[in-house]
Each structure stands twice: as structure tokens, then as C-alpha cells.
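Hi,

Here is the structure I promised to send over. Have a look at it first, then read my notes below.

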Amino acid sequence: MTLDMLRKGQTIKRLFLYLLILGIALTQQACWDQREVEKLGIVLATGVEQASGGRVRIIVQNINPSAMGKSAQGGGPTGTADKPYRNRVAEGDTIFQANRKISLETSRQLFYAHNQIIIISEELARSRGILEVMDFFERNPQIRRTTWIVIGKGDLAALLDEPGRLETTPAQRIFSIINERDLSSQYGIRTLGNFLEMLGSESLHPFTAVIERTANPAKPEKHKNKMSEGHISEPHDILKINGTAVFRRDKMVGWLNPKESRGLLWIRGEVKGGSLEVTSPEEKGKTVTLEILRSKTRLQPRINDGQILMTVEIKEESNLVETAAKIDLTKPEIIKKLEKLQAGAIREEVESALNKVQQEYGADVFGFGEEIHRQYPRQWKEMKKNWSDLFPAVQVEVLVETKIRRTGLITKPVEPKQQ
Amino acid sequence: MASRLLKKIMPKYPRRKPALTTGENKAKPNENPGINTKDVLEKAPISTDLDVNLEFLKKILGINSDVIFRQFQVTIDFTRAAVIYVDGLADKNIINDNILKPLMLEYRMAGFNQNGGNLSDRVKNIGASASDAKEARTMEQLVAGILYGDVALIIDGQETALMFSIKGWPSRGISEPQSEVLVRGPREGFTEDLRTNTTMIRRKLRSPNLVFEDLSIGRVTSTAVLIAYIKGTADPQMVGEVKARLQKIDIDGVLESGYLEEFIEDNPYSPFPQILHTERPDRVAALLLEGRVAVVTDGTPFVLLAPAEFIAFMQSPEDYNERYIISTSIRWLRYIAFGISLLLPSLYIAITTFHQEMIPTRLLISLAAAREGVPFPALVEALAMEFTFEALREAGIRLPRAVGQAVSIVGALVIGQAAVQAGVVSPLMVIVVAITGISSFMNTSFSIALAMRLLRFPIMLLAGTLGLFGVMVGVLAILIHLAGLRSFGVPYLASLAPLHAGDLKDVAVRAPWWAMDKRPTETGKQNPTRQSPGQKPSAPEPGRNKR
């Protein structure tokens, strides 16, 4: 009996020891990476621009959750009092240094995991190149590779402080605009991951969208009625994505307007929507508008006596959505004609992009080099050494095949019958 | 996990003390005369002298006011006799009409004289007309019978006494089971009366193969315990094991089947139930048909069923009554709720304090807004809220019904409204705790829900210290523990680990009845075929019913 009790006492001692070890292991490591949500300075957008003396200035958009929560609830103090975000700016030799300088002025630790947009100033991109600043974004584990990269025209602080709907931040607004990119397909945009990939490629050069601030045409010159208290009139300026910035290696070399940007997207097979205008086959000067449904692109390179020929095959489908011309859509031949016109319009867009990129910028943003690499791997080994010289000389043949799928609820536009 | 640890620490410590022998029993001082008399009784035969017998019985039972000794004379030869019974346990009307009346008044009519044999046999065969009559040879049998509602008839000059089983005590009527309510299914539930309970099982399984084996457990209570199984379907080894484990029990009283459960389960340190208990006769019948063994205990409506693997606790009897498609979806809902009730608060804590990058941006913002001004870290907040919820739940059960409702209203207001408005807890935490609570109510088995309630807390602590890694550690520890458990030798995760693909028809889905031709592998080894295959119904072929 005594032996049994002794053994029991020992086992209980050992049990306590185990529990003690467990308890210490769980509590004494001090939860080193524990952060409560409300203590985070959630960053939604980061801007990088050039500062004097080769330094960089960063601007981070920090949200103010309580202000956002309140205005979402509808109650509490009126939304005008609390700004839903704060922008913080710091300069430094490197981004990280500037980043830590921000901690001198903010009570919360910056949290980049929800950063949705990186805006790089056009000035920095053109003069200094973005290689140096990219390192931070690539290295930092908090930054996602799905973050959008855009080029900002003008002062970034102004871009990121454009008032809009109260409960949203400019960052969220830009993000939402980008999410709707397929409604227009008029700019090419890259995520951080894509951008870095292109940057590291042996033939490709990166591109991404440009954001700018323009005067708001919706703002009336003069308000007839005075706005009641608390209502905010239309803002002066709006944020707008305008065209595509083209890079040569890490330096921005030029800009494609919306039409040329669409041409770039056609070649890359990234057009998923948007509108196309063609003139009516029967009445000159009247426009027929088509909505792009989907498209597919195939690049087919050929090499003839050192001459590179690239065939771009585009297949597109669209709906007819609006017509100013009187056309009878019950007739298949009209549809055929429209399809042909449509193909012409697409070819025009593609060629405008080709001209500008090949002749002016000389940067292969289309992926021609990659395609040649895939199809002529042996020749490519020679070609890649002077691809930048070869690229402007590539002859491009554009083949477009289009289909009009539907014509909406009516076949014949309404026509006044009275004489 | 704890049991594993304990097992490792105390490998040599005997799990269960060996059954005490009678020798030890004697050595123990015992004030209760009822127990002391056991040894006296065991050796005492029934004397041929009525007076000796009566004196003996009076010494043992006579101090009780509810024991009735009635002396009379069998009228034919005026032999003296006596009936002894406990007032209230035996049915007085039957004693009067079927024992006393024939023996005292109606002898002559029955031609009692012409028959040979001794008086006892003659009384048994011709005299008393009560149906259930046995002969008792020892005082022990006699006393045990009297205390269980039998009537003892002792006749002067006879070596055996007669026992008539005419139990007739007041008991609760059959009512709907409180702890397992079904929408579609039988409404009857077990009562506290053993006989009523066996009747209900017997009525569902009208087969000579349904066997009830008697046991009596409890030094003082001598509680009647029955082992029920279907011969030919239940594994005889399993039946033997259940019986052996029950027979080893030496306890002074068995007031509920839970007492037995703890003595016969395989892993006493586990929080998980390894024996299923139910109030529903239909569930018992269904599980007996699967080849399991039931233990019916007198005095409680809860019948034990063994072996019970994890999946058995997830199956509701209603699954089999409702249409199989719906039952399958509901079963999945239950599995999900099971996971939620174990993990949701921990996941919330882990993600909000360690893995904010996993939360969608908009949710993170509203989360941050909701937590703005909450003074406690998420872990403390969650622990406090869960504690409050569990306290409310327990209070609601224990309090008298009328007060219980008031408590839940106050609780809902306190938790839902006041705490959030005061800024002590965040509204999201209230939602998390509420969903967890609702999910834990979805478990069909209360005992497994209890295990979840308990295990939730250590996992919350792990989540609060180690994040999702901690949650994973907790889940794995539970899984490893579950994989090591056994219920009467059957692996606790049976059908899943070890995998019996054929059994998944009643695990992953609830297959239609015409597709469940085989019994579960682990319990139905003895008799695997449940029904003939190919009974899928279909519409009559076109043209066959043409007029």
C-alpha cells in the first residue's frame, strides 16, 4: 500500500512537471508576433516618389477604421468630422528608412499585408528607374504579389487625397476602378508579381497603367441651388486611369493613349470587354457601337532569311449595342459587313500600338520575343543577344476574325413614319 | 491528450482495482445491518418450521414498517402459512385475490385433497393462481425477492418457499424523451422502470433472438441490470466482454447508468464518451440490429450501448426516418457544426491576433472598427464571453423552468446589448460566441457536445498563444487521441480509420435504405447481411399497367 502511494506521489509530481513545462512553453514566449487588429495601421496604398538629393519620399495611406465603421453604421458623429484615412509622408535614403520614420508620427505599426496599390511617380519612373524601389516591395513578406502597380502623374499626395464617397479611401477607389478594367480594356495594368516577372525577363519589357488627376466635368460651373449643410458638392478633380506607361527595362520611356493601349491588349490577348465603334456600312458618318464579349489571340512567328515575321491572329466576338444609323439587322449580309468593319477597327488599334511601340519605344511589351523563344528555341539563343535591335524590324501581320453574336432587343431602330 | 500523457506517466498503476473478495468485505467495518446480514443470509436455508423462518425474517426485515407479515391457515388441513411482502412494491390486489383467497376460501372446490405430492407443490400447481411463481430454497433468495416486490409464501413443514412475482409499484408513465427530441419518429422514451423499458425494446424487436441477460450490481442497491443483444447478430465475444466487465464491478450503489459507464469504458481518462446512451427505444433497437450490445439499468431511462465509435454519436435516429437526401445534407450540416463548435472561437482569436493578412480587407477594416476601444485582447475577450455563455447555459438547465427563462433573457440582453454598448466586447465576438453556441446544440449526442465544450477552451488558449499553428497542434492532438481510443476494442474512429469504404454509406452520406444491405463492418461481423440486395424501387414499366 505504501509502495503504491509512493509511486502515485511520484507520478503526480511528474504530472505537475509536465503541466509546468507546458504552461511555461505556452506563456513565456510572450506572444512575440501577436498584434491586436485595432493596433494595426492598415496601409491600403503606398506611393513612392523622388525627393531631393537622390532620396525617396514615400506616402502611405492609413485607414482610420473607427471613422469608416461609424459612417457605415450611419449613426455617431457626422461623417464629415472623421476622415476615413490619413496619409503619411516621410523621406529617406531607402524606402525602409522612410517607412520607419513614419513611426515617429503614427501610433500604429504600419501593416502592409492589405496594401492594394503601389503608386510610383512618373518622374521617378522616367528619370531614375524603379529597380531600386522595387527591391523593398519584392523582399517584404507583408507585400502581396497581387498588389497593383500604377504610375502616378503629378503629385502623389494630391492623387491620394482626392475626396470621393465618404466611407471610401482613394486607395479603395483606385482598386475598384482597376477591378472594372474589363469594361473598357483601355489600359494595360500589371500586378507586382507580373511586373517583376516582366522586369526579369530576357525579352519582355514591363508596362502598367497610368493614373492621373483631371478636372471633374461633372462639377457644374455654378450651383443654382445652395447645397444644404453637410452635403458635399461634386469634387473639383477626379482620379482617372489614363493609358499605359511603357518601360524599357526599369525606366519608363513612353505612354500609350487608350486606343494604343487597347492595341497592346489585343496583341497580348487581354481584351475582355469594352466598346468598339465602326461607321455604318450604309450611311457614312453614322456610328454603330459594338460591345466586345471575348477575344483570343495567337502569335505565330516565322523566320525567313533572318527576317522575322509575326502573325497576330485575333478572334473576337461582340454584341451590337447601339446604332445611330438605320440598318436592317435581320439581313445576314449587313451583319457580315459589320463584322468586316469591326475587324478593320481592331486592326487599326493594333497597328497604332505596333507603330508607336516598335518605332518610338523599341521595347517589346507584346511578348514577341517569348513566342519566338518558344517556337524557335535554337535561333533564339542567337537572337536574344540583340533582340532590342531586332524587335523594331519585326514584320507584323494582323489577321482579325470577328463575330457579332446578338443585336439586343430590337432588330430595326425606331423610325418616324409620319410624313 | 491528457489520457495519453497520464498513461505514459503511470504505466504500472492498475487501471481498475480487482474486484474485492468477500473476505475483504467481511474485514471492513460496516454499520449498516443490511450489508452485514449478507453472509448470514447466504448460509441460511429455509427451515421446515414456519416459526423459525418468520423469526429469522423478522430479525432481518421486521424493523422496517413497510414489510408486511401476514399469517394464515391453508384451510384444507389448517397448515399454518404466511405471506411476506413489502407494502407498495407488491400489488396488494393480486395478493388478496389470487393468493390469499384461493388458499383460504376456495380449496375444497379445487379438489385439493385428491392430489398427491407435497403441500408446496400442490399450492403452486392448484392453489394460488398468480402466474409468476418460483421456488426459493435459501433465505437469501427470499429476502432479495421480497425487496424487489415479490411475495413470499412460506408454508409450515415445507423445505421450499414460494415466490410470486407481482411487482406493482407506482412509476412514471411513458413520455416523450426530453434529451432526444425528434420531429419524425416514435414519441416514446424509456422510463425509470426496467420492466417497462424491456417491454418497449421487446415490442420493437419481436424475435426470439432478442436476449436479455440478468445481472445485479450494487452491494446495497442490488440494481437490476440487463444485457440485451440479438443472438446471431451481436458478436458473442463482445457480449462476453460487456458481461465480464459488468460482473467485475463492485460498488455499493448504481443509481444511474453513468455509474456503470465509467467502470466499463476502455479509456477512463478521455473526455470523449466511448459508450453511447439514449432514452429512445427505437435507437436502441436500431443499434441492436447493427450488432451492438445494450445495457439496461433499472432506475434510469438511459440505456447504454456498446461499442460506440465516434461516428455513432454523429448519427441521429431521425436521419433514418427522414428522406435520405435531406438526411445526408443535415448530417453534413451537423459535421460542419461539430467543427465550428470546437474551433470557431479559436480560429477567430488566431486570425485576428496573428494572421490579419488572411482576412479580406473590408472585413479587416470593420473588424478593426468594431474592436476599437475594446480594452481586452481577443483571447481574454473570447474566454470571458465563452465563460459567460457556458455559465448561462448551465444556469438555464439547473434553474426551475420559470426562472430559467428569465435567466436566458437577462443573459441575452447582457451579452448581446449591454456588453457591446459598454464597449467591453466587440459585436463580432458576440456573433462568434453565438454561432459556436448554436452549433454545439446541433450535436445529436449530448455527451459528445460536452467534450467539445470542454476542449474548446484549451484550443482557445493555444490559439491565443501560438496562432493557427497552435490551433493545428490542438486539432492534431485531439485527432491522435481519438485515433488511439477504443470502445470495447473497436477503434473509435472506425469506418474512417481504419477505413471501411463500404461503411461510408452511413457516414459520408445516409444512403437510402434499399442501398444499405450490409451492417457496419465493426459491429456486424457476425451477420453482415441486413437485407436482400436490389430492392431499389422504380416506376412500373410503361405498358405493363395498360388497361
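Before the notes, one term: two strands count as paired here if DSSP finds at least two bridges between them. Keep in mind, too, that this is a predicted model.

With that in hand, look at chain B, where five strands make an open sheet in the order 1-2-4-5-3, with antiparallel pairing. At its edges sit strand 1 (67-74) and strand 3 (133-136) of chain B, each of which pairs on one side only. On average, neighbouring strands of this sheet are turned by 25 degrees against each other, ignoring direction.

Now zoom in on one pair. Strand 1 of chain B and strand 2 (residues 79-86) of chain B are joined in the antiparallel sense over eight bridges.

Helices come next. Helix 4 (residues 50-61) of chain B packs on the sheet and touches strand 1, strand 2 and strand 4 (150-155) of chain B. Its direction makes about 15 degrees with that of strand 2 of chain B. Helix 5 (residues 92-105) of chain B lies across strand 1, strand 2, strand 4 and strand 5 (161-165) of chain B, and runs at about 175 degrees to strand 2 of chain B.

Finally, the two chains meet: 23 residues of chain B are in contact with 27 residues of chain A. Which helix of chain B gives the most to the side that touches chain A? That would be helix 14 of chain B, with nine residues. The residues on that side of chain B divide into 14 nonpolar, six polar and three charged.

Cheers

Methods:
Residues numbered from 1 in each chain as written. Chains lettered and ligands numbered in written order. Predicted model: local features only at pLDDT ≥ 70, side-chain atom pairs only at ≥ 80, totals over all residues. Helix = DSSP H or I, 4+ residues; strand = E, 2+ residues; numbered from the N terminus. Axes fitted to C-alpha atoms, helices over the stretch in contact; angles between N-to-C directions. Contact = placed C-beta atoms within 7 Å. Nonpolar A, V, L, I, M, F, W, Y, C, P; charged D, E, K, R; others polar.
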